Amino acid sequence: MFVSAKKNSVFSEGRATLLLIGFLAWGAVMSLRLAEIGVFTRDKNIALCEKLARRKGVIQPPRGRILDRNGIVLAWSERRHALIVEKQFLRNPDVSEKLNRILERLTSSGLTAKKDFIEDAGTVQIRNLSAEAMDCIREIAGVSKAFKLTPRIERKSVDYPKVRELIGETRLDNGRMRGISGAEEEWDIELSGVPGEYSVMLDRFGKIIEGTFRVEKGMIPGTDVNLDLALSEIIEFKEDHKQ
Amino acid sequence: MIDRIKKSDSSTAFSGLGAALFLLGLWGCLSVFSATSGGELSPFYFSGRQFLWLVISTVFFWMSAKINFDIYMSKAPLIAFIFFIPLILVLFMGVEINGMRGWFDFGLFFVQPSEIAKPFFILLLSHLTAKHEGNKRLALIAGTFFIWTLPIIIEPDWGTTAVYFAGFFFVFFLGGGRIFHIFIGFAAILSAFVIAIACKPYIFKRLYGFLEPEKDPLGAGWHIMQFKYAIARGGFSGEGLGKSIWSNSYLPLSYSDSSFAAIAESVGFLGSFPIIVGFIFFLVWSFCLSAKQIPAERKLFIVSAAFMIATQAFMHISVNLGLLPPTGITLPILSYGGSSIMSTMIAAGMIVSASVERGGGRIGLP
């Protein structure tokens, strides 16, 4: 009844009804499929996409300070930021122009020194950025993903040779700061703390997707170490010893 | 409700269809905003343009609804010819985007002639069906289909070609075409498909990726899996507008070919299921309009045009749900693209015009 039509007819209502029923059935199938993916098998699909995109990393704990007997800080860590731009992005004229503007603004206002500008095979970097320098960069770069502000940790100590000798030095070992001489080495376990773990999602180009950072295991920060000596004694001791 | 639609006057048809499509269009603007919120450009760049196109297209909807349908029918060959010429010109003067030379670049905006021409293709086929009978009718509408779609195939735009084929099929089938001819046609298509697979192994690989995407999630099944992940992330109520991480990071062309999956990620099942309902409402409303006391060729046009729009919408949604292989078809009204919105609104206006039982106070009415 629906499929046949009068010969040379211009419009068959029966066939139109048949097609409409077909569309309604198609719509029902799509609705069920939508419910299946989005509701009933959602957890399984989420697990698969997390596996594809989520990556884990280590949260380095802040290194403890070294203090003298009187609580004066002899060694500490400082967070510094660096701007990193991969050279592949510089092919984009907009990115290249923004970088030039950033360099011009930072150098003309004295916010960065020439020694902090580093260029290697794959990246262009500006290190030791102050908060004002970062504000300036954010203002010019906007939301562009080509410009990455990356934190770095630097170990500092009292700027006196005898103190530096006593404190010792540190080195980055697979992303973790380790003491390699002096008090830094002697008290390395206490100063280091326990690393934590994070996970983050990467997009199809390997870039971190904002807002997806998640702490999987909390880190334990390093503890401060108090030496038995006072700062003045350290200086005098070394002087007397030298004599 | 169906009886009310049948007995309704033209203003009810105008406001009902117009309102449904405008609301879908607004939803599309929000969807484009959400899908482009993680990009380099401001999301208002795309959604603002989309809204502008929606407003302009609504004006065209009103204008095309006001023109007496008898004028459309009597001038169908001329109108169709006017809109066929750009399909040829675009092959020589158009710009190539994503491997397809199908757009005219006017600086501030692009125009895709194969989209704009859709309602006029149906108009011409309906005119030919009304004027001719038997094998001559078949030859004319089949010949029109081949000539019309040849430049589109050359672009190449296989998704749009499939939509045009659907339009041709509806006119032929609803116009009383013989079932035997339909079987012959589908057999020919199937044979062509088998030959294509034999000659081009990458087609088989794509088909395999569609049928078993989990087996090769990083290769042939990549696109299908991204649709799934985006929809799954949306869940029942969605991640929120502007917070669709997967659409912005992994889903290719989230504002056009992957619109439905991007919408589903933003607003979940609650916000994407109404889109299916909206298009079904459009279908049913158009079907009921065709039941009015109007000439058969008008009924043919109304149903064929509505079904063609719905076919494109359902194909897009089915691709995004993994029910069909990826074809590069946009979602009418909701995907980013002024030409698509314009085409759909003009078609809807012509449907309203065709549903007028007796004209009065309209442009060109005797």
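Which residue of chain B forms a salt bridge with Glu13(A)? That partner is Lys299(B), with the closest N and O atoms 3.3 Å apart. Keep in mind that this is a predicted model.

**The interface at a glance**
- Chain A puts 44 residues into the contact, and chain B puts in 61 residues.
- Putting the two chains together buries about 4400 Å², and carbon and sulfur atoms account for 72% of that.

**Polar links across it**
- The Glu13(A)–Lys299(B) pair is a salt bridge, and the count across the interface of chain A and chain B is two salt bridges.
- There are also 10 residue pairs in polar contact across this interface, both residues being at pLDDT 80 or more.

**Chain A's side**
- Two elements each give two or more residues to the side that touches chain B: α1 (13-40) and α2 (42-53) of chain A.
- The largest share comes from α1(A), with 20 residues.
- By type, chain A's side splits into 26 nonpolar, 10 polar and eight charged residues.

**Nonpolar cores**
- The largest nonpolar core has 118 residues, and those with the most contacts inside it are Phe121(B), Leu123(B), Trp148(B), Trp246(B), Phe301(B) and Ile351(B).
- Helix α14 (residues 259-289) of chain B supplies the largest share of this core, 18 residues.
- Trp246(B) touches residues of both chains, including Cys49(A), Leu52(A), Ala53(A) and Met201(A) from chain A, and Tyr229(B), Arg233(B) and Glu265(B) from chain B.
- Another core lies apart from the largest one; it has 17 residues, among them Leu106(A), Ile126(A), Ala133(A) and Ala146(A).

Notes. Residues are numbered from 1 along each chain as its sequence is written. Chains are lettered from A and ligands numbered from 1 in the order in which they are written. This is a predicted model: local features need pLDDT of at least 70, side-chain atom pairs count only at pLDDT 80 or more; totals for chains, interfaces and linings use all residues. Side-chain values use heavy atoms; hydrogens and water are left out. Contact means heavy atoms within 4.5 Å. Buried area is the accessible area (1.4 Å probe) that two parts lose on being put together, summed over both. A salt bridge is a side-chain nitrogen of Lys or Arg within 4 Å of a carboxyl oxygen of Asp or Glu. A polar contact is a pair of N or O atoms within 3.5 Å; within protein, one must be able to donate a hydrogen and the other to accept it, and residues adjacent in sequence count only if both atoms are side-chain atoms. Helices (H or I, at least four residues) and strands (E, at least two) are DSSP runs, numbered from the N terminus. Ala, Val, Leu, Ile, Met, Phe, Trp, Tyr, Cys and Pro count as nonpolar, Asp, Glu, Lys and Arg as charged, and the others, Gly among them, as polar. A nonpolar core is a set of buried Ala, Val, Leu, Ile, Met, Phe, Trp, Tyr and Cys residues joined through side-chain atoms within 4.5 Å. Buried means under 20% relative accessible area, exposed over 50%, partly exposed in between (1.4 Å probe, protein chains only). Lists of a residue's contacts leave out its neighbours within four places in sequence.
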